[in-house]
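Please open the model in a viewer and keep the sequence at hand.

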Amino acid sequence: AGLNPTDDLYLQKIAEDGTVLWRHDFTSPDQFIKPYSLLEDVNGDIVVVCTYTNQLTGEQDGYLMKFDANGAPVWERKIGRDGRPEELTKLGRCPDGGYLLGGKYTSQMLNHAYIVKTDVNGIIKPGRIFGNVFRDYDLDCSDTPGDLPLQNRIVRAFRDGTHVYFGTTDALGNYAIECDTGNYVISLILPNSYWETCANDLPLHIGYLDTVVVDFAVQAVID
């Protein structure tokens, strides 16, 4: 794997005698994808770890790509947090078929070691919970005109003592939580006893690649 003269990613397979068996060049407008390491997995697929840079926004993240044995793309995953420069340069196989990625990220002008574990499909957390938290002014337990979003409210997804995930609402009242599969209790953490929700501590099951929507209507006990 490497970069061609136009700085686009290419993948090439060469026989033992140096004969080129195939080559594929991948055009990525406004993106710079630099490969660092690759391996062949147990199924004969080719996995490449890269660093991805969006040339319009400057956002830099890790990038994991899988190709079949003939170099045709199977999937690609951008790995990283927005607003934090990240590089992934090392790649290894795990006994469960997943991949271990190594690199660094930069925060406050300091470099930090960075290790990521994915499953065989390049997924870090295969479940997703998202929703909205809003002030329910008309007390009908649904988001209707006149209700307002609540920012900086914390939502907790609890599976067990070692699987607890949190999300925080943005200016529109939206939150998102990435989590593992399993049975969870989803709760809105109320700031004090002056507030209540129409429903809280909601049980739900998260399957592989499930996306579940949970909204919270918040009402004032005392204004």
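The stops that follow cover a hairpin, ring contacts, salt bridges and a surface patch in this predicted model.

**The hairpin**

Begin by selecting strand 2 (residues 9-14) and strand 3 (residues 20-26), which pair in the antiparallel sense over 6 bridges. Within this pairing, I14 stands opposite V20 of strand 3. The two strands form a hairpin with 5 residues between them. In the turn, select G18, whose phi is positive at about 95°.

**Charges over rings**

Next, display the side chains of R23 and Y10: R23 lies over the face of Y10, at 3.9 Å from the ring centre. A further case is R153, which lies over the face of W195 at 5.7 Å from the ring centre.

**Aromatic pairs**

The count of aromatic pairs comes to 4. Select Y52 and Y63, whose ring centres are 5.2 Å apart; their planes meet at 20°, so the pair is stacked. Y52 belongs to strand 5 (residues 46-54) and Y63 to strand 6 (residues 60-67), so the contact ties together parts that are 11 residues apart in sequence. Y52 counts as buried at 7% relative accessibility, and Y63 is buried at 6%.

Then move to Y105 and Y114. Here the ring centres lie 5.7 Å apart with the planes at 85°, so this pair is edge-to-face. Both Y105 and Y114 are buried.

**Salt bridges**

The whole structure contains 8 salt bridges. Select E86 with R84, where the closest N and O atoms are 2.7 Å apart; E86 and R84 are both buried.

Now select E87 and K104, which form a salt bridge with the closest N and O atoms 3.9 Å apart. This pair links distant parts of the chain, with E87 in strand 8 (residues 86-93) and K104 in strand 9 (residues 99-107), 17 residues apart. E87 is partly exposed at 23% relative accessible area, as is K104 at 31%.

For the next bridge, select D180 and K125, whose side chains meet at 3.4 Å, N to O. D180 lies in the loop between strand 15 (174-179) and strand 16 (182-189), and K125 in the loop between strand 10 (110-118) and strand 11 (127-135), so the pair ties together parts that are 55 residues apart in sequence. D180 counts as buried at 18% relative accessibility, whereas K125 counts as partly exposed at 31%.

**The surface patch**

Finally, show the surface and select I154, F166 and I189, which form a nonpolar patch with about 260 Å² of accessible area together. I154 is found in strand 13 (residues 154-160) and is partly exposed, with a relative accessible area of 36%.

Conventions: Residues numbered from 1 in each chain as written. Predicted model: local features only at pLDDT ≥ 70, side-chain atom pairs only at ≥ 80, totals over all residues. Heavy atoms only, no water. Patch = residues over 30% accessible without salt bridge, like charges linked within 9 Å, V, L, I, M, F, W, Y side chains within 5 Å. Areas by Shrake-Rupley, 256 points an atom, 1.4 Å probe, with all protein chains shown as cover. Salt bridge = Lys/Arg side-chain N within 4 Å of Asp/Glu carboxyl O. Helix = DSSP H or I, 4+ residues; strand = E, 2+ residues; numbered from the N terminus. Buried < 20%, exposed > 50% of the residue type's maximum accessible area, 1.4 Å probe, protein only. Pairing = 2+ DSSP bridges. Phe/Tyr/Trp six-rings, centres within 6.5 Å; stacked < 30°, edge-to-face > 60°. Lys NZ or Arg CZ within 6 Å of the ring centre and 35° of its normal.
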